[in-house]
Amino acid sequence: MVAADETRSKKFKTKDITLSDYGTLSESIWYRFNSASGRAVHLASNCVPQRHCGTDSTGWFNGSYPLAETGIARVEVCFNFGGNCCAYRTGVYIRQCNGFYVYKFEKIQSSVTPKRRFCTEEYEG
């Protein structure tokens, strides 16, 4: 499934909205992220400031992106909150396919504050 949402960008500053990925991403579907203009994006690769990406607690990929030959890799995603870049963690399955990345997300453990959401950034794919 392709998800295109500009509010996921690490450059998007959150104002009045606070979105959450709790209950919105299926654990059985592989996702690919695109910008609204169709450019390939991937999970942010460094700590994203709070109140960006349309949420309170910003999710970013804490590791190295796998090569195509690696196949499917389970990696850690951290969520920034309260001055701690890795205040919360969850696992994500990632795979490189034809120059872009696809993700299968594990369940985010809480629907309460802070709201958590995965952030994206552009890359050369």
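## Close-up views of a predicted model

**View 1. Surroundings of Val92 in the nonpolar core.** Leaving aside neighbours within four places in sequence, Val92 is in contact with Ala73, Arg74, Val75, Val77, Tyr103, Lys104, Phe105 and Phe118. The coordinates shown here and in the other views come from a predicted model. Val92 belongs to the largest nonpolar core, which has 21 residues. The members that touch the most other members are Leu43, Tyr65, Val92, Ile94, Tyr103, Phe105 and Phe118. At least two residues of this core come from each of strand 3, strand 5 (73–81), strand 6 and strand 7 (100–105). Strand 7 supplies the largest share, five residues. A separate core of seven residues lies apart from this one, and Ala44, Trp60, Cys78 and Cys119 are among its members.

**View 2. The disulfide of Cys47 and Cys85.** The structure holds three disulfides. One of them joins Cys47 to Cys85, with an S to S distance of 2.1 Å. The angle about the S-S bond is -90 degrees, and the link is left-handed. Cys47 sits in the loop between strand 3 (41–43) and strand 4 (57–61), whereas Cys85 belongs to strand 6 (residues 84–97). The pair links distant parts of the chain, 38 residues apart. Cys47 has a relative accessible area of 26% and is therefore partly exposed. Cys85, with a relative accessible area of 32%, is partly exposed.

**View 3. The disulfide of Cys53 and Cys119.** Cys53 is joined to Cys119 by a disulfide with S to S 2.1 Å. This disulfide is right-handed because the torsion about the S-S bond is about 120 degrees. The bond links distant parts of the chain, 66 residues apart. Cys53 is in the loop between strand 3 and strand 4, and Cys119 is in the loop between strand 8 (116–118) and strand 9 (120–122). Both Cys53 and Cys119 are buried. Cys119 is also one of the residues of the seven-residue core.

**View 4. The disulfide of Cys78 and Cys86.** A disulfide connects Cys78 and Cys86, S to S 1.8 Å. The link is left-handed, with -55 degrees about the S-S bond. Cys78 has 0% relative accessibility and so counts as buried. Cys86 counts as buried because its relative accessibility is 13%, under the 20% limit. Cys78 is among the members of the seven-residue core. With bonded cysteines counted along the chain, the disulfides follow the pattern 1-4, 2-6, 3-5.

**View 5. Thr14 and its polar contacts.** Thr14 is in the loop between strand 1 (2–4) and strand 2 (32–34). Its relative accessibility is 8%, so Thr14 counts as buried. The Thr14 side chain reaches the backbone oxygen of His52 at 3.2 Å. A polar atom of that side chain also lies 3.0 Å from the backbone nitrogen of Thr55. Setting aside neighbours within four places in sequence, the residues in contact with Thr14 are Arg51, His52, Cys53, Gly54 and Thr55. One of these, Cys53, is the disulfide partner of Cys119.

**View 6. Accessibility of Cys97.** Cys97 has 22% relative accessibility and therefore counts as partly exposed.

Definitions and conventions:
Residues are numbered from 1 along each chain as its sequence is written. This is a predicted model: local features need pLDDT of at least 70, side-chain atom pairs count only at pLDDT 80 or more; totals for chains, interfaces and linings use all residues. Side-chain values use heavy atoms; hydrogens and water are left out. A disulfide is a pair of cysteine sulfur atoms within 2.5 Å. Helices (H or I, at least four residues) and strands (E, at least two) are DSSP runs, numbered from the N terminus. Buried means under 20% relative accessible area, exposed over 50%, partly exposed in between (1.4 Å probe, protein chains only). A polar contact is a pair of N or O atoms within 3.5 Å; within protein, one must be able to donate a hydrogen and the other to accept it, and residues adjacent in sequence count only if both atoms are side-chain atoms. Contact means heavy atoms within 4.5 Å. A nonpolar core is a set of buried Ala, Val, Leu, Ile, Met, Phe, Trp, Tyr and Cys residues joined through side-chain atoms within 4.5 Å.
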